[in-house]
Amino acid sequence: MRRVSLALAALVVAGGVVAGAAPATAVPPARDGVYVVMLKDQPAAAVPHSTRLDRTAPSVRDYVGQLSARKAALLAKVPGAQRIADYSYAGAGFAAKMTQTQASTLAARPDVLFVAPDTERQGADYETPSYLGLTGRDGVWNRLGGTARAGDGVIIGDIDSGITPENPAFAALPPSPSDRAVARRWHGSCDPGKTGPAIVCNNKLIGAKVFGPGTVDAVPDEYFGSPRDYDGHGTHTASTAAGDYGVRMTVDGKDFGKFSGMAPAARVAMYKALWHKADNTTSGNTSDLVKAIDEAVADGVDVINYSITTSTGAVDDPVAYAFYNAAKAGVFVSAAASNNGAGPSTVQSNYPWVTTVAAGTDNVAHHTTLTLGNGATYVGVGLGSAVPSSPVALPAQVGLSGADPVKLAQCYSKEWDPSLPGGVLDPAKVKGKIVVCDRGANDRVDKSRAVAEAGGVGMVLVNPGPNTLNADLHAIPTVHLDPAAGTPVKAYVSATANPTAALSASRDDQVTAPLVASFSSRGPAQATGGDLLKPDLLAPGVDLLAAVAPVNHKGRQFDFESGTSMATPHVAGLAALLAGAHPDWSPMAIKSALMTTANPQGTDGKPIRTDSGAEATPFDRGAGQVTPGAALASGLVYDSTAEDWDAFLCGQGSVPPSGKCAASMPATDLNVPSFGVGSLAGSQTVTRTLTNLGRQAWAGRVSVQEPPGVTVRVQPSILVVPPGAKQKFTVTFTRTTASYGKFVFGSLAWRPWTPGPDVRSPIAVRPAQVSAPAEVRGTGTASTATVSVRPGYSGTLTTTVDGPAPATENSAPLKHATGATFPLTAPAANEHVAKFTVTTPPGTRYARFATFAADVLPETDVDLYVYRAGTDDLVAQSSLAGSNEWVGQDAPSGAYDVYVDLSAGGDQTVRVETWMLGASTGTLSVDPAKVSVTNGKPVDLTARWTGLDPGHRYLARLSYSDGSTVAPASTLLPITT
């Protein structure tokens with residue numbers, strides 16, 4: 001996915017699944033009427049096999065046939081439903097077009113695991129092998145027998161936008177003894193395509209399939225019916241993971257040296273399920289993506305690269321379960337953390353059975369120097385030739401009359417916005433000048449195209465706020481500056497008569513790396529409240545030069561791209577190297593080796609930093625920069641199995657793929673190579689188990705960097721683990737002086753007494769004055785509810801009440817739902833969007849805005865967006881599938897514009913309910929309101945209400961304190977009367 005920036009205020013943001021949720025069998029509407037249905041039957045990949053899954057084996061064929069019969073019988077229960085995809089290997093189910101009523105009927109059946117509406121997912125958009133230690137005499141490739149053996153025999157399945165088979169990165173490999181072994185276990189096919197030049201496979205590109213585009217508003221390009229890539233995203237990721245060794249890269253006449261993928265001898269199979277769109281992004285439907293995963297597992301891949309967005313808040317969606325079964329079948333999955341920026345809890349792919357990858361820079365920067373007419377110089381990033389001293393101007397000084405000031409500042413080209421056939425820049429004013437353009441909205445390279453179209457000779461690209469600096473292949477020489485440099489440059493141009501500037505030719509400099517990219521999504525994971533650390537790893541993802549599709553890259557075979565999409569295939573390729581070296585290792589063992597040997601320090605020996613200069617935490621960089629050489633030497637791992645994942649899912653309140661909860665486990669105890677405690681009330685003990693996969697006994701002791709204000713006790717502190725054996729240990733975290741409500745970070749490392757890498761894990765704990773449920777529901781005009789609270793101190797627990805208050809209502813008739821993306825930067829009311837302005841009364845302590853599925857017609861989807869009144873300052877949004885949406889804000893002030901968008905469904909009146917909670921109204925009390933508590937020991941409170949009016953939705957909030965300070969934790973109590 002091309003980088004997307006969205007700034008959200010640090011407020012309470014939530015999706016509407018919790019508030020006013022429909023019964024368990026009610027299914028949210030699907031915008032296109034397509035639903036993914038999963039049965040409780042195990043897919044073929046989850047059934048025990050003597051070896052890896054072989055889709056051609058008679059036993060597998062028989063089992064798939066039995067599944068097919070059960071699926072056909074189930075589909076017959078909903079007459080008229082049209083099946084569009086079938087899953088038998090990574091999932092047992094199908095996707096079908098049906099009504100919401102039919103979907104809910106199936107969801108209520110005891111043999112159905114879940115039914116979910118189809119959704120649209122986006123792609124999560126120099127050579128790095130030497131930077132990562134793959135090259136050289138002591139590099140990983142040599143240790144594996146050379147580049148011809150690095151990944152040999154391993155199959156990487158890439159689920160993406162297709163592939164360009166003629167690119168030299170996918171040329172046939174020299175004949176190898178492994179060719180025959182690969183052919184024996186490869187059960188995929190090479191689809192030549194129905195349109196465009198035929199796809200031709202070889203012993204490098206061994207398979208290609210196409211899925212979709214479904215309901216994606218894709219560009220109907222010449223490769224529409226083919227696995228061939230139009231966008232370039234898939235070609236880039238596939239070549240990064242496993243492109244051939246030593247491919248010469250010449251771009252726009254410049255020699256960029258030789259290219260190699262991470263696993264140059266690995267095989268590649270492309271599963272095209274992303275489609276190029278007019279806004280230069282790629283998207284795919286969940287139903288097609290799950291089918292691609294299903295096929296990849298059945299075909300026999302060893303590794304899946306998934307540079308695609310998933311979910312921030314779910315661990316039990318269709319993609320999650322497909323990857324669960326893939327991992328259970330022995331397939332390693334590398335998934336993108338996504339590009340939602342540096343805000344907290346933006347990380348996606350929060351499934352413990354995949355490896356989630358963040359993006360950072362590498363150690364080569366392409367620098368260009370800008371020299372102003374006043375002698376001031378500024379160093380930025382850029383590729384290109386020198387530009388001698390020339391006039392320099394701001395867009396506002398050289399724009400067309402009447403041009404939109406925002407589009408003008410961002411230098412829109414003629415091609416970018418069809419409503420601007422003449423662009424926004426005036427050629428008569430731009431000719432011969434360097435123009436200063438702001439980053440934002442249109443592609444970075446579109447801005448230089450606009451300047452070039454108008455006759456400009458150079459561009460200064462300025463980041464208005466913190467963001468990455470990128471060396472793109474621009475239409476004219478360009479330097480990219482950060483805000484610290486951009487501000488004085490703009491001031492000089494604005495205040496100087498006849499200002500001038502010059503650009504130097506670009507040069508390559510060695511720089512400290514990595515820096516975590518500002519676009520890379522951050523933890524803590526919404527899905528587990530910080531109890532499961534994500535992302536897992538950091539890999540290069542900024543200005544990566546790799547193979548692309550020439551048709552969408554101005555004829556280039558190679559181009560620069562940035563994004564977690566580019567970081568993810570690095571880990572996929574490195575996992576392939578480990579899988580080739582250790583074919584008996586599980587995907588979780590490979591993940592553990594990569595994580596526990598990752599480096600939390602940069603090339604300067606100091607802690608990794610973000611590109612804005614702050615010290616990176618595990619929520620930014622995971623365990624650290626992936627270090628394949630150390631991972632190859634590792635053998636002491638944290639492993640986990642499907643049985644563990646089932647217990648984890650049950651502990652999260654989800655139903656595992658088996659459909660049964662035989663055991664329950666908190667996320668804090670899942671055997672992962674990291675330690676997270678999202679709510680540490682006093683003290684908490686977690687358990688981990690290490691497995692020695694090496695040939696020699698492992699012996700060593702623990703070394704702990706304690707989080708500030710938290711003690712860490714490990715028992716035992718010395719381990720001796722024989723080959724093939726397991727060793728359990730416990731870790732007890734106890735708050736001493738750490739502030740409540742803020743995460744603190746540390747690490748735990750097992751250090752061997754003999755040569756070998758440390759086994760290091762990041763720690764993130766958030767001390768809590770009180771640990772309490774976020775929400776407890778009640779019903780009736782007079783009743784009670786029990787709230788269990790765990791204090792993080794010894795003393796007195798005082799509980800106060802805000803409300804309860806009935807909802808106030810705003811409603812409007814809406815029509816002509818389009819399903820179009822809501823314009824976040826330019827919100828406006830129209831026939832399918834209503835706007836309500838709500839003013840906060842004095843003394844309000846908490847505000848909540850919500851819509852309910854019960855208030856709208858069946859098969860309706862509404863989304864909720866809250867802004868500061870009269871501005872485009874987005875406070876929060878809730879835009880899940882369906883109509884149960886809510887947004888909450890603590891200590892609100894002023895007025896808010898609340899937009900409700902009828903995204904899908906028939907014409908109807910839509911209602912938004914608002915609660916403004918102040919002091920207690922006296923109709924709800926808590927018993928006991930004050931109670932003596934002991935650190936870490938739970939206490940039950942009873943909330944009792946009476947005298948509420950019938951037929952309303954009320955909301956109350958319980959707040960906790962130790963008598964002097966109010967705890968950050970609180971419990972919302974929605975009451976339906």
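Visitor: Does Asp417 count as buried or exposed, and at what relative accessibility?
Guide: This is a predicted model. In it Asp417 counts as buried, because its relative accessibility is 13% and the cut-off for buried is under 20%.

Visitor: Which side chain meets Asp417 in a salt bridge?
Guide: That of Lys407, at 2.8 Å, N to O. Lys407 sits in helix α9 (residues 405–409), while Asp417 is in the loop between α9 and α10 (427–430), ten residues apart.

Visitor: And Lys407, buried or partly exposed?
Guide: Lys407 counts as partly exposed, because its relative accessibility is 24%.

Visitor: How many salt bridges does the count come to?
Guide: The count comes to 38. One of them joins Asp299 and Arg55 at 2.5 Å, N to O, and both of these residues are buried.

Visitor: Which residues are in a network with those two?
Guide: Lys209, Lys291 and Glu295 are joined with Arg55 and Asp299 through salt bridges that share partners.

Visitor: Switching topic. How many residues are in the largest nonpolar core?
Guide: It has 69 residues, and those with the most contacts inside it include Tyr271, Phe323 and Trp353. Helix α7 gives the most to this core, with eight residues. Apart from it lies another core of 51 residues, among them Phe170 and Leu632.

Visitor: What does Tyr271 touch?
Guide: Its contacts include Ile159, Trp186, Lys209, Phe211 and Asp299.

Visitor: What about α17, how many of its residues are buried?
Guide: Seven of the ten residues in α17 (642–651) are buried, including Trp645, Phe648 and Leu649. The buried residues of α17 pack against α7 (318–328) and α14 (587–596).

Methods:
Residues are numbered from 1 along each chain as its sequence is written. This is a predicted model: local features need pLDDT of at least 70, side-chain atom pairs count only at pLDDT 80 or more; totals for chains, interfaces and linings use all residues. Side-chain values use heavy atoms; hydrogens and water are left out. Buried means under 20% relative accessible area, exposed over 50%, partly exposed in between (1.4 Å probe, protein chains only). Helices (H or I, at least four residues) and strands (E, at least two) are DSSP runs, numbered from the N terminus. Contact means heavy atoms within 4.5 Å. A nonpolar core is a set of buried Ala, Val, Leu, Ile, Met, Phe, Trp, Tyr and Cys residues joined through side-chain atoms within 4.5 Å. A salt bridge is a side-chain nitrogen of Lys or Arg within 4 Å of a carboxyl oxygen of Asp or Glu. Lists of a residue's contacts leave out its neighbours within four places in sequence.
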